[in-house]
Amino acid sequence: MTEPKQNRLSPDEVLALRGLRLPAVALKKLQRAGIYCQPAISIEFQTATRRYLIRGVESGGAVAQVGAYCGFLDCTAAPSSLPQPVCAVGVNGVHVAMLSSALVRAQMFRARTSYELLLSHHTLVSVEGKGRPVLRNSILFHGRHGTLEMELWNENRELRRLVAPMFYSRSGEQMPVPDRFHDAILRLTAGVCCVGCRHSHLAEEIGLHTRADVSARPQTDREQPQ
């Protein structure tokens, strides 16, 4: 008797859960450049409030040739209101952790003047008979062929947060990003062009890089999606 096959995630489901699937050569360039971008999300349990939250870490930065950045917003495209300070060593690494019952992950990769963008939505869903929820993930926008013919990491750095790449389909048609994410994309573009980045780009709008919220600190029961 054959065992039933386990349900495998589709490519879109993997993308929604884990973030951009960069080729090996891009990952090696990021590693050699010392850029650490962490798109993974986890479920955390707060013992004080007896509730589960989704945790994401804003991280990334750039060198001239390449950049990667990932940040988190709430469902209205504003920065999440529950910050968690993180200890960062060096540059182009982790900046601040975000906690919420629902998050939008904004992730961007840059190779010179070519860009890739992923916006994904993450919520917690109750499971009948279990106290622990599971993640529900969906893709809001995925732009693969983005271009911005400006060196925002160098001579055009004064244009950061004023311009963003344009994305096109395989047939050459422009792919508009949802309007409510316009400001977030400007900040994300600045992040992938910020050489030696030492600060947050999305969370800093509400001062999360300097504010600590002790009540938002998770205690136990960590889950890291594989």
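This is a predicted model: local features need pLDDT of at least 70, side-chain atom pairs count only at pLDDT 80 or more; totals for chains, interfaces and linings use all residues.

A residue counts as exposed when its relative accessible area is over 50%, as buried when that area is under 20%, and as partly exposed in between.

Is R144 buried or exposed? Its relative accessibility is 53%, so R144 counts as exposed. The residue belongs to strand β8, which covers residues 134-147. Which residues does R144 touch, once those up to four places away in sequence are set aside? They are Y115, E116 and F167. For E116, the sequence separation from R144 is 28 residues, while the C-alpha atoms of the two are 4.6 Å apart.

From this residue, turn to the chain as a whole. The chain contains 3 helices and 10 strands. Read from the N terminus, the order of elements is α-α-β-β-β-β-β-β-β-β-β-α-β. The chain has 226 residues, and 46% of them count as buried. Contacts can also be sorted by sequence separation: among those between residues at least 6 apart in sequence, 68% join residues at least 24 apart. The accessible surface of the chain is about 12,200 Å², and carbon and sulfur atoms account for 50% of that area.

Rolling a probe the size of a water molecule over the atoms shows where empty space is left. The largest pocket holds about 330 Å³ of space. It is lined by 18 residues, and those closest to its centre are L22, L27, L30, C37 and P39. Which elements give two or more residues to this lining? They are helix α2 (24-33) and strand β6 (102-111). Sorted by class, the lining of the largest pocket consists of 12 nonpolar, 4 polar and 2 charged residues.

The second largest pocket has a volume of about 220 Å³. Its lining includes A164, P165, M166 and F167, along with Q174, M175, P176, V177, P178 and D179, and also H182 and I185. Strand β9 (166-168) and helix α3 (182-191) are the elements that give two or more residues to the lining of this second pocket. By class, that lining has 9 nonpolar, 2 polar and 1 charged residues.

One residue links the two ends of this tour.

Methods. Residues are numbered from 1 along each chain as its sequence is written. Side-chain values use heavy atoms; hydrogens and water are left out. On a 1 Å grid over the protein atoms alone, a cavity is a set of points where a 1.4 Å probe fits but cannot get out, and a pocket is an open set with protein on both sides within 12 Å along at least five of seven lines; lining residues have an atom within 4 Å of a point. Grid points are joined across faces, edges and corners, and a volume is the space filled by probe spheres set on the points. Helices (H or I, at least four residues) and strands (E, at least two) are DSSP runs, numbered from the N terminus. Ala, Val, Leu, Ile, Met, Phe, Trp, Tyr, Cys and Pro count as nonpolar, Asp, Glu, Lys and Arg as charged, and the others, Gly among them, as polar. Buried means under 20% relative accessible area, exposed over 50%, partly exposed in between (1.4 Å probe, protein chains only). Contact means heavy atoms within 4.5 Å. Accessible areas come from the Shrake-Rupley method with a 1.4 Å probe; for residues, only the protein chains shown count as cover.
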